[in-house]
Amino acid sequence: MSSPFETLSKMLTLEKQRGYDNKAVVGGLEQLSNTWAPEAVTQVDAKEERLLIEEIAGMLRQYPSLQDRTQRAALVEDLLSKITGNAVSSVPGKALPAASVSSSATAPAGAGHREAAGDVAHPATPPPPPKPEPPERAIDGLDSPITRLPGIKVGYSRRMANLGVKTIGDMLALYPRRYDDYQSLKTINRLEYGEEVTIIGTVWDTHTRETRRGGTIVTSTLSDGTATIQTTWFNQPWLADKLKPGSQVVISGKVDEYLGRLVFQSPEWEPLDKNLIHTGRLVPVYPLTKGITQKWLRSLMKQTVDYWTQRLPDHLPETNREQLGLPLLDEAVRQIHFPNSWDDLETARRRLAFDEFLLIQLGVLRQRQEWRSQPGLPVSVDEGLLQSFIESLPFDLTQAQQRVLREIIIDIRQPVPMSRLLQGDVGSGKTVVALAAMLVTAADGGQTALMAPTEILAEQHYRSISQLISNFHPADQNSRFTVRLLTGSTPPAERDATYQEIASGEAKLVVGTHALIQGAVEFNNLRLVTIDEQHRFGVQQRASLRDKGAGNPHVLVMSATPIPRTLALTLYGDLDLSVIDEMPPGRQTIITRWLAPLERERAYAFVRSQIEQGRQAFIICPLVEESEKVEAKSAVEEHARLQKEIFPDLKLGLLHGRMKAEEKDAVMRQFRNGELHILVSTAVVEVGIDVPNASVMLVEGANRFGLAQLHQFRGRVGRGEHQSHCLLLADASSADAEARLRVITETDDGFELAEEDLKLRGPGEFFGTRQSGLPDIKLAKLSDARLLEMARNEAKKLFESDSQLSRPEHRLLSRKLQAFWQVKTDPT
């Protein structure tokens, strides 16, 4: 085929990839009738080819007048067909390369692969794709290990496992974290400093030189007929063999400046005769791990997406999908990875986010149905005893506490097991409400259990409950409330005795950690289970504690982490919701200040002044240990520095998540007992330590934490009689970080902060999926209120019509639901 037709084919293919926006060529495709056509005529000899060029020029001139995308697509296909037909007829045995005709490529399993310079070579002539497989077999294929993909050996599979990718399905679900917009195509003579842009040029020359430190610099000069530009790559010597003079390439990147001239430094590039992946489009940027490069992963992803999305069955029934106005699953997955436009990307994200919402809703509805379909053990509530307990308290219950307590009492009287989430900010008085329900249950002959995520929190509950009932003397002398503590640190002899008291029913109120769900614990008549810090426990752990009750005990879960109502209803839809939205009178306001890095010495001086007054302080660091890639304070190094250089005369403790549970508890006990002046900690201190004498919370790298976390840190102080302070030190600045820090200095309302946090970050980051015990939420945003409501309504309709999803059209959805909820929960 003649060269001018090859050039035109590449330009038309690029236009096709761009979604027919008439920007593949500067000035639009119509400009080719004035530039390409006259030059093409001089390069051909046959009369038929000259006539074809004239016909093509006329069609190109019509292109901008076609406003409808379908009409433009038809014209481009017609042009490509004419070019291909000319190629076959004029050059026997030689056809246009597939990549130049079609924007879709196939990447069948087993196709040849080679790795060089972090790139993946495509097979020269891929075999035809196999016939579509039945949906069930296709799903089984998606469960295959990624070693089935071409070029993925054991070494690479281990590296990909660090990204959570073990199967082909995992690979498709490794979504880009952002996109580089290289859609803007310009000629070299119109480039401007600082813009992100794409150019198409011919390599004039390429040379390599070594640096003084042994590195290499590859420099190419490119021309597109309007001007030339120099392009430089560092420490990639193999590029000299790829960027041969005369070869045409596509370059995408930021226009830089060197010695007064515009240049590109280390841009993305690829040959023009390839289906563009790294340039000239919205380019996906994926999360990486050591030994995996962006270009290698992107190339592998393109092949995987092209091949496997053709075999991706849609779990959403066609009728439902069409009524909801959502795209097919295969198209959504293709567009989320390699979008044609920003609009196509958002359409794809909405479909995949809808799926996440739908699967969560179906899961919690199923859990709720399974739990409420079982017979419960109603509690006969002694109203006189309840009132007597309330009157014995050294404080009055707030209106919110009274309302929530009444909701709980109504629930436990029912023959259906209670399943309720109790929310309340730090210090709102959740524990006393839970204790009131525990006492009336115990007075009716039942046992109650309160499970906390850490030993130190379990001990605090034990002490608090023991103190609150010490002044309670019920009129019925038979109402004895024996409180017992059971944790991993309970001495063996005491533990065995507690086991016996639990088994006999003598221990009415049992407080503990995960030790309560161990096999050796057998309750005599467990009627009420209270779980503190709900998002630290997964569904399985809640179920394990429920199973300790012979007759499906009532369950109350508490959270001091304010969760916006939308999120609570979405993620805990199996639970009824109660909120203590009122703080007890007299609760002091914690003074919160946002400090610049230059004010660190003033912060240290303030910490010292508070300690000299007999107080204690927390200092929070974002990391456990130093990282070369993250310039943030680490707890280990900061503890050593502070002890040696800043507070050499004071006693400092260290706390972080890599310490063993008993080590963490020992340090927290020392701090609580006043044996340490300052506790240097990571975010592990966010929940679970009550030190009334601590009056200062200093947070390093405050810009690296979310609002909900910062609010929890702040809640660690202000628990005693002394005025408390929260000092936020930011080590870097960004618009989002400044917005978070500004909000937290202006309000101490945890629920308001939680709503703001969700707007700024989203639910996945809000909880941190490691500790949530929930399915991974990758694309859904709680700001998608309509999408969330749409998914909730669809889940209800599906559940009402086919609660077991047993109909043939729901078979794939049932399998997807089961896989989605197979999550690992983190016990700490």
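Tutor: In strand 14, alanine 449 has valine 510 as its bridge partner. Strands here are DSSP runs of E with at least two residues, and helices are runs of H or I with at least four, both numbered from the N terminus; two strands pair if DSSP finds at least two bridges between them. Strands of a sheet pair through backbone hydrogen bonds, either parallel or antiparallel.

Please keep in mind that this is a predicted model, in which local features need pLDDT of at least 70 and side-chain atom pairs count only at pLDDT 80 or more, whereas totals for chains, interfaces and linings use all residues. Residues are numbered from 1 along each chain as its sequence is written, and side-chain values use heavy atoms, with hydrogens and water left out.

Strand 12 also pairs with strand 15, residues 526–532, in the parallel sense over 5 bridges, and there leucine 450 stands opposite threonine 530.

The open sheet with the order 18-23-22-19-21-20 is formed by 6 strands, and its pairing is parallel. Its edge strands, each pairing on one side only, are strand 18 (591–595) and strand 20 (652–655).

Buried in helix 3 are Glu49, Leu52, Ile53, Ile56, Ala57, Met59 and Leu60. They cover an arc of only 165 degrees around the axis, which puts them on the same side of helix 3; the arc is that of the directions from the helix axis to the C-beta atoms. The face turned away from this buried side carries the exposed residues Lys47 and Glu54.

Side chains can be followed through their rings as well, and a search of the whole structure finds 8 aromatic pairs. Rings of Phe, Tyr and Trp (its six-membered ring) pair if their centres lie within 6.5 Å, and planes under 30 degrees apart count as stacked, over 60 as edge-to-face and the rest as tilted. One of the pairs is edge-to-face and joins tyrosine 179 to tryptophan 342, at 6.4 Å centre to centre with 80 degrees between the planes. This pair links distant parts of the chain, since tyrosine 179 lies in strand 3 (residues 178–181) and tryptophan 342 in helix 13 (residues 342–372), 163 residues apart. Tyrosine 179 counts as buried at 16% relative accessibility, whereas tryptophan 342 is partly exposed, with a relative accessible area of 41%. Phenylalanine 705 and phenylalanine 713 form another edge-to-face pair, 5.1 Å centre to centre and 90 degrees between the planes. Phenylalanine 705 is buried, with a relative accessible area of 5%, and phenylalanine 713 is buried at 0%.

Methods
Buried means under 20% relative accessible area, exposed over 50%, partly exposed in between (1.4 Å probe, protein chains only).
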